[in-house]
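The following exercises are to be worked through with the model in view.

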Amino acid sequence: MSKSSKVKPTPEVIHKPSKEFSAKARIPSMAAYKKLYKESIDKPEKFWAKEAKELTWQKPWSKVLDWKAPFAKWFDGGKLNVCENCVDRHAFGARKNKAAIIWEGEPGDRRVITYGQLHKEVCRFANVLEKNGIKKNDRVLIYMPMVPEAAIAMLACARIGAVHNVVFGGFASEAILDRLEDSGSVAVITADGGWRRGKVIPLKPAVDEALSRYTAAKIKRVIVLKRTGNDIKMVSGRDSWWHEEVTEVSNKHVAKPFDSEHPLFVLYTSGSTGKPKGILHTSGGYLTGTYATCKYIFDMRDEDVYWCTADVGWITGHSYIVYGPLANGATQVMYEGAPNEPDFGRFWKMIEEYGVTIFYTAPTAIRAFIKAGDHFPAGYDLSSLRLLGSVGEPINPEAWNWYHKHIGGGRCPIVDTWWQTETGAILISPIPGATPCKPGTATHPFFGIDAAILDDAGKECKPNEDGRLVIRKPWPSMTRTIYGDKARFKKTYFSDYPGLYTAGDGARRDKDGNFWIIGRLDDVLNVSGHRLGTAEIESALVAHPAVAEAAVVGRPDDMKGQAVAAFVTLKSGFQESEHLIIELRNHVGKLIGAIAKPDDIYCTPGLPKTRSGKIMRRLLKELVTKGEISGNITTLEDYNVITALQEKVKKK
Ligand code: WTA
């Protein structure tokens, strides 16, 4: 690192927030941002304690921060119930009849759930969990489509102190099994399917398949929501229907207090080595982080209609569909299906229909909309929008400009929010109403976040010099550990620069102090905003009987950001064929999920290795990016391998 960036210098197009927006905003100017930022960095504990006090605590904390790097305790001694903060707090006052969730299913069915109703639904489901013997600290795996019950199940777990472990509905049975085993889950909440692109995606068979091989703990119950009427098998004595369970219980449930550091959830995410890591988040700090970032970055207000298009299976869905917006008492839209069902006008139609004011989506979706054509958004009235957000990967300036013009009508600020599963909440983002934005930069750190870019020696980089993004001070919503593996937690995040959090992203700052995120420095891919480990895809490939060895790298892709390129050597007796390539792609899809299917698979007689036998992924990456290899290859064991591969890649 630390060499000068080859990326073009900062484009100097600066979009200042409009006077109308700033006049009403919580932070109305850059001077106000700078003042509060300085205060929050000088005294982070004071800043965070002020935010945390806006939540409901059943017992006040005795100490704001206990930091024994890399282990943090926030609001120690304090007790709260996260679910009470997201639901009860609003269900008995002025927001009782306010819509909490305006849900639309893909086929067009709709439901509006008020805070008063949400409270009853969540209480019922908390009672169902308890009736089935699920207790505080038990892990509950949730594998659901995007329906309100997914949020209700998460909130009910939080209410009783059970730890949810949501698995994205696009993952396959093998991924469910890994997550069940690593977390030792004792219950599963799922559905008979969900709608996606006009078809029913069956979820239950993948759960059945995973459970047939699950041994780490005894399953107390599998609760199945009837969503599609799809024909599924119910295992007697183990499985029960959601709608039958809830009729047997009361809609009242007392939210008991839990320690601020009580585990709230585990969410698995890809790392550079081995199996996905269970990122653990706890209660008081996580809620404070998601609450405060929603308030300042989305400028959330009672009259807003907010819509985040993520899935609850990802961290964005946890923090910015469930916990953050509900802690703020917001009204939000939730959508079950695909953005192009029946066509690419679906999102814009929904924005017009529900009068959405704040819209949060991913650059990969924006690029798909650009490709589909401007006539789709032009066909709808998007004048209700006042703020736009982006998350998941760097937003390229072309996508930023299109989003700004065609969706935001040139008037809406765009918050490009940088964060990670591990950070729990947004750490770098414009503050709308304050921050002048240049397309492509996530701009400045949020309050209390001491972000910096360091070179290999640990020195802070100069303007426009590439380095590693680190966070120097602890923050409340930071992950507390990798579930069951403190040593891996310390090694992964706190060993590059002892005591400092290393994000794994490369970045640089321009002369105005804006952070430009370049991308992952490790073997983690970002495909359409989804994190995938090359190691996971490689081990799925070698699990196929035809494959002897595999190496996976990312290559740039206009639509997805990155595409998956795989190089495989075949076992003797197997021949390269079109049929085999299709089979290998489907095999990865079956083991991990469709999002992990390699875009390109190259069969090769050998992989480039160092003399000590390590696969040189750097060369493969260069090959798929530039079509040839120019760098230093003196450590290569067999040069012929590269010549053969170059031919193959060129032919594609
Ligand atoms: C990338 C998603 C640039 C980054 C919330 C990070 C981004 C990884 C941005 C985390 C952004 C996320 N600009 N890159 N605004 N947001 N990333 O855990 O590489 O799924 O490390 O969390 O996504 O992905 P994760």
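## Exercise 1: A strand and its partners

Task: Identify the residue of β17 that is the bridge partner of Ile102, and then determine how β4 pairs with β17 and with β5.

Solution. 
- Step 1. In strand β17, Val333 is the bridge partner of Ile102. The model is predicted, so local features need pLDDT of at least 70 and side-chain atom pairs count only at pLDDT 80 or more, while totals for chains, interfaces and linings use all residues. Residues are numbered from 1 along each chain as its sequence is written, and side-chain values use heavy atoms, without hydrogens or water.
- Step 2. Strand β4 and strand β17 (residues 331-335) are parallel and share four bridges; strands pair when DSSP finds at least two bridges between them. Strands are DSSP runs (E, at least two residues) and helices likewise (H or I, at least four), numbered from the N terminus.
- Step 3. Strand β5 (residues 110-114) runs antiparallel to β4, with five bridges joining them. Here Ala99 has Thr114 as its bridge partner.
- Step 4. Five residues lie between the strands of the β4 and β5 hairpin, in which Gly108 takes a positive phi near 110°.

## Exercise 2: Buried or exposed?

Solution. 
- Step 1. The cut-offs for relative accessible area are under 20% for buried and over 50% for exposed, with partly exposed in between (1.4 Å probe, protein chains only).
- Step 2. Gln332 belongs to strand β17.
- Step 3. Apart from neighbours within four places in sequence, Gln332 is in contact with Ala100, Ile101, Ile102, Tyr306, Tyr320, Ile321, Pro325 and Leu326, where contact means heavy atoms within 4.5 Å.

## Exercise 3: The largest cavity

Task: State the volume of the largest cavity and classify its lining.

Solution. 
- Step 1. A cavity is a set of points on a 1 Å grid over the protein atoms alone where a 1.4 Å probe fits but cannot get out; lining residues have an atom within 4 Å of a point.
- Step 2. The whole structure holds two cavities of 30 Å³ or more, and the largest contains about 50 Å³ of space.
- Step 3. Its lining residues include Leu80, Cys157, Phe258, His262 and Ser283. Elements α6 (148-160) and β14 (263-269) each give two or more residues to this lining.
- Step 4. The lining of the largest cavity has eight nonpolar, four polar and no charged residues.

## Exercise 4: An aromatic pair

Task: Determine which kind of aromatic pair Phe47 and Phe447 form.

Solution. 
- Step 1. Rings of Phe, Tyr and Trp (its six-membered ring) pair if their centres lie within 6.5 Å; planes under 30 degrees apart are stacked, over 60 edge-to-face, and the rest tilted.
- Step 2. The structure has 45 aromatic pairs. For Phe47 and Phe447, the ring centres are 5.6 Å apart and the planes stand at 50°, so the pair is tilted.
- Step 3. Phe47 lies in helix α3 (residues 44-52) and Phe447 in the loop between β20 (414-417) and β21 (451-454), so the pair ties together parts 400 residues apart in sequence.
- Step 4. Both Phe47 and Phe447 are buried.

Conventions:
1 Å grid on protein atoms, 1.4 Å probe; cavity = no way out; pocket = protein on both sides within 12 Å on 5 of 7 lines; lining within 4 Å. Points joined across faces, edges and corners; volume = space filled by probe spheres on them. Nonpolar A, V, L, I, M, F, W, Y, C, P; charged D, E, K, R; others polar.
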